[in-house]
Amino acid sequence: MNQQERDQMDRAQLQIETLTTELMETQRGLTALTFELEERVAERTASLRESNQKLKEEVAEREKAEEEVRRLNEELELRVDRRTHELEAANRDLDSFAYSVSHDLRAPLRSIDGFSLALLEDCSDKIDDMGKDYLHRIRRSAQRMAQLIDDLLQLSRIVRRELTRQPVNLSRETREILCHLQEQNPERKVELFIEEGLTDEADPTLIRVVLQNILENAWKYTSKATQARIELRKENHEDRPMYVIRDNGAGFSMAYVDKLFVPFQRLHSDDEFEGTGIGLAIVRRAIHRHGGTVSASGKIGEGACFRFTLGPSVSDVGGAQCE
Amino acid sequence: MRVDPILLVEDSEDERLLARRALKRSIGDYPIIAVANGQEAIDHLFSPNPAQCLTPKVVILDLKMPKMGGLEVLKAIRSNPRTSALPVVILTSSKEHRDLVDCYQSGANSYVQKPVDSTEYSETIAVIGRYWATINERAQIQE
């Protein structure tokens, strides 16, 4: 081997050494990178596992919450069912109470009235005029008590009745009731004004009871008026029609307006005007069953005025929804 | 000629007395059998001894009574061939719609509410007595 060849070999050797060193460095670098990557993968895996675990916990929690809601709902339904049954039972109790009131209270009255009449008819030669007057008084009281029982029962029926709304012609009902009153008292002359075509959605039976009571009052309390007048009109109250029944009869003092709708509260004695004092209490309950309002105004000697609506006005309903 | 009596079923003694009085005023000394509850009425109508079974001209029947109510008596009368055509007048203080419907559906001939006013009461009973007594008498004459 000559000098030239040796030099060439040395260079080649050097090159190989350099390359080897470079290769080894690259390899070290790669090993380091691999290690780093593995570390990062392990880290990610751990964090993924962690969030997976969290998700699982969350799902379990959700399921638990849903289960709880379901359980609460079932419990609520059960409670509603139970309450409904209780209410139905209470209603039945009320029913049988009303039934036994009507039966048990009337029976002694029939005896009182019946034997008073028997005395008047069978023993009239043995009873003087004063005795007969007493017997007549007993009979009148018995009949008045019977009327009170009937009115009480009607009041309780109004509360129990299921409400069914359908179009009702208030003008026609009013005319019919007043016609009937005219037939009963043909000697009376009452000027009537009935606004035509007043229809509304209401329970026909209850609305008839309302009109009947207010109109009978108007008829009764105008009996001493010189030119009696009864009218039915419609006024607009906010967004709902308000019906107004006005008379020019005996009227009442506004000082007692609060007592007007209370059962058995009367502003007149029986000698002035007969009545049991339950009519307007019935009116108020029937109107309240419709969600409406009723109010009265009057002045002694100048008549009375009753205003009612047959449902909550829209603004009332809006207010309820905001709550 | 044997006269079939009126059977009056009423738990109140006072009312039995008042009803008797009203009947006497309208149809005189007509035979009346008055009993205090449904069970007694059944005993009279369906005696084990056929010869003693009562066939009244009309049954005036109260509804609410101890032991056995009027509706049960009415149903028993209607379900027995011998008594199924007997006139039965319900006389009750009940103003319940369902009582009226129950009675008519069970075959009552008439449903009368007891008036509290005793003039009305005695006239009502008088009419029931007169109506059923005369109708049945006419029928007997025609036979």
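Which residues does A:Ile214 touch, not counting residues up to four places away in sequence?

1. A:Ile214 touches A:Ile245, A:Val283 and A:Phe306, with residues up to four places away in sequence left out. Two residues are in contact if their C-beta atoms, placed from the backbone, lie within 7 Å.

2. This is a predicted model, in which local features need pLDDT of at least 70, side-chain atom pairs count only at pLDDT 80 or more, and totals for chains, interfaces and linings use all residues. Residues are numbered from 1 along each chain as its sequence is written, and chains are lettered from A and ligands numbered from 1 in the order in which they are written.

3. Helix α4 of chain A covers residues 204-221; helices (H or I, at least four residues) and strands (E, at least two) are DSSP runs, numbered from the N terminus. Its 18 residues should span 26 Å at 1.5 Å a residue, and the end C-alpha atoms are 26 Å apart, which agrees. The expected span is 1.5 Å times one less than the number of residues.

4. Buried residues of α4(A) include A:Leu206, A:Val210, A:Ile214 and A:Trp219. A residue is buried if 20 or more other C-beta atoms lie within 10 Å of its own, exposed if 12 or fewer, and partly exposed in between.

5. B:Tyr30 lies in the loop between α1 (13-27) and β2 (32-35) of chain B. B:Tyr30 counts as partly exposed because it has 17 C-beta neighbours inside 10 Å.
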